[in-house]
Amino acid sequence: MTKLLLPGSTIGIIGGGQLGQMMAMSAKELGFKVGVLDPTEDCPASQVSDWSIKASYDDDKALEKLAQQSDVITYEFENVNAASLEKIQEIVPLPQGLELLKMSQNRKNEKLFLSQLGLPVSPFKIVNHLSEVSKAIEEINYPAVLKTCTGGYDGKGQVVLKSQDDLEHISELLESGECVLESWVNFKKEISVIVSGSQENDYQVFPIAENKHYNNILQLSTIPAVISESCQKEAEKLTLMIARELAFCGTMTVEMFVTPSDELIINEIAPRPHNSGHYSIEACNLSQFDTHIRGILSWPIPEIYLHKPAAMLNLLGNEMKIAETLIFEKPDWYFHFYGKKEIKKDRKMGHITILSNSLKSTIEEIKQTKIWK
């Protein structure tokens with residue numbers, strides 16, 4: 001994309017969840033019109049957009065309509081049809097491109113990309129059958145993780161293998177298609193590094209988040225991550241290497257493990273803003289959504305800085321009632337509710353960001369609310 005887009009232009013967003021909602025809000029603040037395509041009626045992003053199209057992500061006619069009514073297109077998550085997006089690229093710019101999208105949709109391609117760049121990943125093997133898993137285990141050893149190459153999120157589409165007995169539970173996973181067998185990483189921390197850039201190859205890295213998961217779903221992010229300065233610099237360096245190699249526009253995220261010896265292992269890449277970056281709305285000079293919109297518009301992105309340390313906790317369906325009572329007890333907390341109509345257990349319904357003078361005290365304050373049962 002060479003044309004610089006100015007306020008009054010239209011941004012089309014594929015995907016209407018909370019990430020699309022927050023993208024739309026950033027775009028509206030800058031004076032842009034926003035259209036959304038999503039299969040769900042009254043999805044979160046449509047609630048803050050100018051217009052919406054209710055259709056599936058692989059509906060070529062609907063995608064073409066979105067493209068024709070937009071000056072630029074972006075997507076909010078990776079489960080969109082790359083082949084369909086290739087067609088609409090002929091109508092409207094897609095600054096994020098398709099290379100990272102295709103790679104993030106297939107763990108095999110992602111692992112090969114990272115290893116070919118010489119970046120640190122856990123030992124892995126591509127497997128299709130039980131006999132191949134048994135053979136690969138001889139080299140990788142237990143414990144290991146078997147993951148589907150395509151699909152899967154929040155811990156779905158994977159099985160942890162601790163011993164030969166666990167091989168009894170992987171037939172369904174193998175039947176779904178090609179899989180990646182990875183060596184288990186003995187890590188002490190999980191971190192995520194968010195980077196944003198424009199077409200001028202101008203990249204800015206956000207303060208690194210330290211993440212804790214429960215049942216494979218992000219529960220809490222604290223910022224800045226408590227890691228050594230050398231570890232921080234290395235994490236930023238690895239992330240910038242990936243972004244520059246892909247000439248990526250917008251916001252992307254690299255999830256990493258920190259080992260007990262302070263080595264980094266890259267877990268996966270998300271070609272979009274990330275759950276762990278929601279803190280940036282209140283805690284930084286620009287949010288990950290602001291920089292995403294600037295990136296796809298070819299606007300310059302300033303250096304990102306942290307106003308204050310922060311904690312961000314996800315609100316799942318089973319935590320909504322307690323969260324609603326906390327509105328009146330915690331006036332200095334920042335509550336975000338996504339407007340999803342149906343409350344479900346483990347469904348992401350919102351998040352809370354807390355600016356903190358002491359992250360240790362803030363985490364204890366969160367625990368005292370008993371929001372985590």
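Trainee: Which residue forms a salt bridge with Glu178, and how far apart are the closest N and O atoms?

Mentor: Keep in mind that this is a predicted model. To call a salt bridge, look for a side-chain nitrogen of Lys or Arg within 4 Å of a carboxyl oxygen of Asp or Glu. Here the partner of Glu178 is Lys108, and the closest N and O atoms are 3.6 Å apart. Glu178 sits in the loop between helix H7 (171-175) and strand E8 (179-183), while Lys108 belongs to helix H5 (residues 107-116), so the pair ties together parts that are 70 residues apart in sequence.

Trainee: What does Glu139 pair with, and where do the two residues lie?

Mentor: Glu139 forms a salt bridge with Lys125, with 3.4 Å between the closest N and O atoms. Glu139 is in helix H6 (residues 130-140) and Lys125 is in strand E5 (residues 124-127), 14 residues apart. For accessibility, Glu139 is exposed at 56%, whereas Lys125 is partly exposed at 31%.

Trainee: Which residue forms a salt bridge with Glu182?

Mentor: That partner is Lys147, and the closest N and O atoms of the pair are 3.4 Å apart. Glu182 is buried, with a relative accessibility of 5%. Lys147 is buried too, at 8%.

Trainee: Which residues are linked with Glu182 in a network of salt bridges?

Mentor: A residue can take part in a network, and the way to find one is to follow the shared partners. In this model Lys111, Lys147 and Glu182 are linked in such a network.

Trainee: How many salt bridges does a search of the whole structure find?

Mentor: The search finds 14. Two salt bridges are found across the interface of domain 1 and domain 3. There is also a salt bridge between Glu78 and Arg272, with the closest N and O atoms 2.5 Å apart.

Trainee: How much area do domain 1 and domain 3 bury between them?

Mentor: The size of an interface is often given as the accessible area lost when the parts come together. For domain 1 and domain 3 the figure is about 1,800 Å², with 68% of it on carbon and sulfur atoms.

Trainee: How many residue pairs are in polar contact across that interface, and which elements contribute on the side of domain 1?

Mentor: Across the interface of domain 1 and domain 3, seven residue pairs are in polar contact, both residues being at pLDDT 80 or more.

Trainee: What does Gln18 touch?

Mentor: Contacts are listed without residues up to four places away in sequence, and for Gln18 they are Pro44, Glu76, Tyr338, Lys340 and Lys348. Gln18 is in helix H1 and is buried, with a relative accessible area of 13%. Its side chain is joined to that of Lys340 by a polar contact of 2.8 Å.

Trainee: Is Val72 buried or exposed?

Mentor: Val72, found in strand E4, is buried, with a relative accessible area of 0%. The C-alpha atoms of Val72 and Ile13 are separated by 8.8 Å, and the two residues are 59 residues apart along the chain.

Technical notes. Residues are numbered from 1 along each chain as its sequence is written. Side-chain values use heavy atoms; hydrogens and water are left out. Buried area is the accessible area (1.4 Å probe) that two parts lose on being put together, summed over both. A polar contact is a pair of N or O atoms within 3.5 Å; within protein, one must be able to donate a hydrogen and the other to accept it, and residues adjacent in sequence count only if both atoms are side-chain atoms. Helices (H or I, at least four residues) and strands (E, at least two) are DSSP runs, numbered from the N terminus. Buried means under 20% relative accessible area, exposed over 50%, partly exposed in between (1.4 Å probe, protein chains only). Contact means heavy atoms within 4.5 Å.
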